[in-house]
Amino acid sequence: MAAVVEKHSIDVVPDSERHGRAFNQFTLWVGANLHITAVVTGALAVVFGGDVVWSLIGLVLGNLLGGAVMALHSAQGPKLGLPQMIQSRAQFGVKGAVVPLLLVILMYVGFFASGSVLAGQATAQLTHTNDVTGIIVFALVTAVLAAVGYRVIHVLGRVASVVCALAFVYLGIRLLDRVDLGDLLGDAHFSFPMFLLAVSLSASWQLAFGPYVADYSRYLPRTTSAKATFWWTLSGSALGSQWSMTFGVLVAASAGEAFLDNQVGYVVSLGGAGLIASVFYFVIALGKLTVNVLNTYGGFMAMVTGVSGFRGQRVLSQHGRAVYIAVIMVAGTAVAIAGKDSFLSSFKDFLLFLLTFFTPWSAINLVDYYLISRERYDIPALADPNGRYGAWRWDALGVYAVGLVAQFPFLATSFYTGPLVGPLGGADISWIVGLIVPAVLYWLIARRDTSHVPEATILEEPQAQPVVSGVAQ
């Protein structure tokens, strides 16, 4: 059991425990994107007024752009051996990193909840119970797997990538038997706002992985090529998500209200009835299980990172791990049960609203890592508020605030629409502003004083881990 249950959390993974290949990122991220929520995300591009052709083109563009940003974060993992958000302390300060962390935790809870709504429906069908019971059962299984940790997450990703890929091939064939693809592709009518909506939906999908993507590459050997990590992560995530979203576009365009009224039920009905239907309910639950384990694992990691910045904590016991995971599970389950009847209408706004907060963080983190620090960090100082990076880096926090505010005039949601959305024909380009403005501003400010950047990455000897009853604490 000790070899399976993960003992590391926010501490550095020592070279002696590094394992795997960059290709593992491909299977993980294919499996994490071939599921029902990605299908619904693609469908939203059509549901809100887009046509099939331009929705597909917009989704491809967004997946590639957002996926490239996400994959640049993934490439940081093997180099530093640290979870993603710990690295934010180099930009925002050991305590200052809690500001974006609070929003990251909100994201994990939200995605856990949205995933649990759809997976709960599938679980309820498999267990012959109601949706609430299905959500709770699904959440408990998710929490157990997240508690085991890194190894089981990658195994789950490999299994899901194969099983879900086969299921989507079969469902795709069944769908094409029902629809006239020529008619769907022939009804192309370009609308710039709808095109940008499709780009934003898929870009936000990819960018939302940014705050935890390095968590799943940090065990790769330090000698792993950054290019290989980047390309395998990008190709896996972009392929898996575009495959799911394309299916969602075609389903929404051909099925209309039948899909909107019951997304899980309609997709399963494409496969067949009886035993075949049960198989597809299982596939839906498996696909969502993969990504919800990522959300739960990332959520507990973000909470530990935030708390430890104030407590000076470097390692976490198994008991502490269980408590943090339970908090994420309970919060996400409560939100899922409360919002299960208004899922589709709220999910689009949730995705785009999250994008507002994570694009400035991504821009600052990537500019600092690749252009200012040039991949050189003082790892011991990331846990010391009196060290090289300090407790609060107000310059970076100021840039982050400017990046947030700069997006508001261009933001379009059901609860707020910026004044510049109308002149743009209703298009939401806030995420583009949120990447460019803080990236340029942080680069201009940070390059003036690089005294906090070490000449080379400073490593530390990992602390010994106590062992109780054969399980690392």
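**Note on helix packing and nonpolar cores**

1. Start with F259. Setting aside neighbours within four places in sequence, F259 is in contact with V39, V40, A43, V251, A252, Y266 and V267. Keep in mind that this is a predicted model.

2. F259 belongs to the largest nonpolar core, which has 129 residues. W29, F247 and F259 are the residues with the most contacts inside that core. Helix α14, residues 275-311, gives the most to this core: 17 residues.

3. Next, α11 and α13. Helix α13 covers residues 263-271. The two helices pack at an angle of about 95°, and their axes are 12 Å apart. An angle of 65 to 115 degrees counts as roughly perpendicular, so α11 and α13 are roughly perpendicular to each other.

4. Which residues of α11 and α13 meet? From α11 come F247, V251 and A255. From α13 come Y266, V267 and L270. By class, this contact has six nonpolar residues, with no polar and no charged ones. F247 is among the core residues with the most contacts, and V251, Y266 and V267 are in contact with F259.

5. Now the packing of α11 with α10. Helix α10 spans residues 192-207, and helix α11 spans residues 226-255. Their angle is about 140°, with the axes 11 Å apart. Roughly antiparallel needs an angle over 145 degrees, so α10 is oblique to α11. The crossing of α10 past α11 is right-handed.

6. What makes the contact between α10 and α11? On α10, the residues are S202, W205 and Q206. On α11, they are S237, A238, S241 and M245. By class, the α10 contact with α11 has three nonpolar, four polar and no charged residues. For the α11 contact with α13, the classes were six nonpolar, no polar and no charged.

7. Last, M329. This residue lies in helix α15, residues 318-339. Is M329 buried or exposed? Its relative accessible area is 14%. Buried means under 20%, so M329 is buried.

8. What surrounds M329? Setting aside neighbours within four places in sequence, M329 is in contact with F112, A139, L140 and A143. T296 is 33 residues away from M329 along the chain, and the C-alpha atoms of the two are separated by 7.0 Å.

Conventions. Residues are numbered from 1 along each chain as its sequence is written. This is a predicted model: local features need pLDDT of at least 70, side-chain atom pairs count only at pLDDT 80 or more; totals for chains, interfaces and linings use all residues. Side-chain values use heavy atoms; hydrogens and water are left out. Axes are lines fitted to C-alpha atoms, for helices over the stretch in contact, and angles run from 0 to 180 degrees between N-to-C directions. Helices (H or I, at least four residues) and strands (E, at least two) are DSSP runs, numbered from the N terminus. Angles under 35 degrees count as roughly parallel, over 145 as roughly antiparallel, 65 to 115 as roughly perpendicular and the rest as oblique. A crossing is left-handed if the near helix is turned anticlockwise from the far one by less than a right angle, and right-handed if clockwise. Contact means heavy atoms within 4.5 Å. Ala, Val, Leu, Ile, Met, Phe, Trp, Tyr, Cys and Pro count as nonpolar, Asp, Glu, Lys and Arg as charged, and the others, Gly among them, as polar. A nonpolar core is a set of buried Ala, Val, Leu, Ile, Met, Phe, Trp, Tyr and Cys residues joined through side-chain atoms within 4.5 Å. Buried means under 20% relative accessible area, exposed over 50%, partly exposed in between (1.4 Å probe, protein chains only).
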